[in-house]
Each structure stands twice: as structure tokens, then as C-alpha cells.
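Good morning, everyone. Please have a look at the chain on the screen. I'll talk about charged pairs and then about the core.

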Amino acid sequence: RIGFCMVDNATEISVGIFFPNPAIDRSFITVDAAQIKGSSLIAELIDMKGGLVSRQQLPVQNGQVEVNTSALESGIYTVRFVTETVSISRKLSVSK
């Protein structure tokens, strides 16, 4: 597991790395579901120019979050997982 952020001022959440990376239609990232309050995370996809491409609430299933990349152009994106108090980011490459 790589990276930590705080949730609800008391709980840590660990986030892994994307696989596959580069992605074609979708990519997955592991999270420690036991540390998440609720069953979803908010994910913001940001392009290399810093523009917000999408913001979506993604369900956590079996300790993984799936990011749909089918509508994205080829390129490198930052995926920022956001809570009420903090955020944690990971790079994701999309190759069509």
C-alpha cells in the first residue's frame, strides 16, 4: 500500500496504485475498505493542464475502486480521491 490520508479527523485510509496502468477502458485501485466510512469515495480526474475532467462518486467493492476511462483521451491524468477534510492523488495513464 502506498499513501495515506485522514478521513473524519480520526481514521486513516490507505490507497494503492492503479492497475492496469496504462489503462484502456478501466483501471482499478486498491483501498483499505475497513478504514472507509461508507461504501464509496469521490474521485476527481484532472488532465495535465489542471482542468477537471470529471468528478464522480465511486463504490468500493472488495477493497477496490474501479475508474472508467473509456471516455478519456490518451494521456496522463491525476486522480484525486477526496474526503471532507483531505485528498490523496495518484497518476493514471490512458492509452487508446
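Predicted model: local features only at pLDDT ≥ 70, side-chain atom pairs only at ≥ 80, totals over all residues.

Now, who is the partner of Arg80? Arg80 forms a salt bridge with Glu44. The closest N and O atoms of that pair are 2.7 Å apart. Look at where the two sit. Glu44 is in strand 4, and Arg80 is in strand 7, which covers residues 75-82. The two are 36 residues apart, so this pair links distant parts of the chain.

Glu44 has another salt bridge to show. Its side chain also meets that of Arg55, at 2.4 Å from N to O. Arg55 lies in strand 5, residues 52-61, and Glu44 in strand 4, residues 40-46, so this pair ties together parts eleven residues apart in sequence.

How accessible are the members? Arg55 is partly exposed, at 47% relative accessibility. Glu44 is buried, because its relative accessible area is 9% and the cut-off for buried is under 20%.

How many salt bridges does a search of the whole structure find? It finds three. One of them joins the side chains of Arg26 and Glu66, at 3.7 Å from N to O. Arg26 lies in strand 3, residues 26-31, and Glu66 in strand 6, residues 64-68, so the pair ties together parts 40 residues apart in sequence. Both ends are partly exposed: Arg26 has a relative accessible area of 45%, and Glu66 has 35%.

On to the core. The largest nonpolar core has 19 residues. Which of them touch the most other members? They are Phe18, Val65, Val79 and Phe81.

Take Val65 as an example. Leaving out residues up to four places away in sequence, Val65 touches several others, among them Phe28, Ile29, Leu41, Leu58 and Phe81. Phe81 is itself one of the residues with the most contacts to other core members.

That's my part. Questions are welcome.

Definitions and conventions. Residues numbered from 1 in each chain as written. Heavy atoms only, no water. Salt bridge = Lys/Arg side-chain N within 4 Å of Asp/Glu carboxyl O. Helix = DSSP H or I, 4+ residues; strand = E, 2+ residues; numbered from the N terminus. Buried < 20%, exposed > 50% of the residue type's maximum accessible area, 1.4 Å probe, protein only. Core = buried A, V, L, I, M, F, W, Y, C linked by side-chain atoms within 4.5 Å. Contact = heavy atoms within 4.5 Å.
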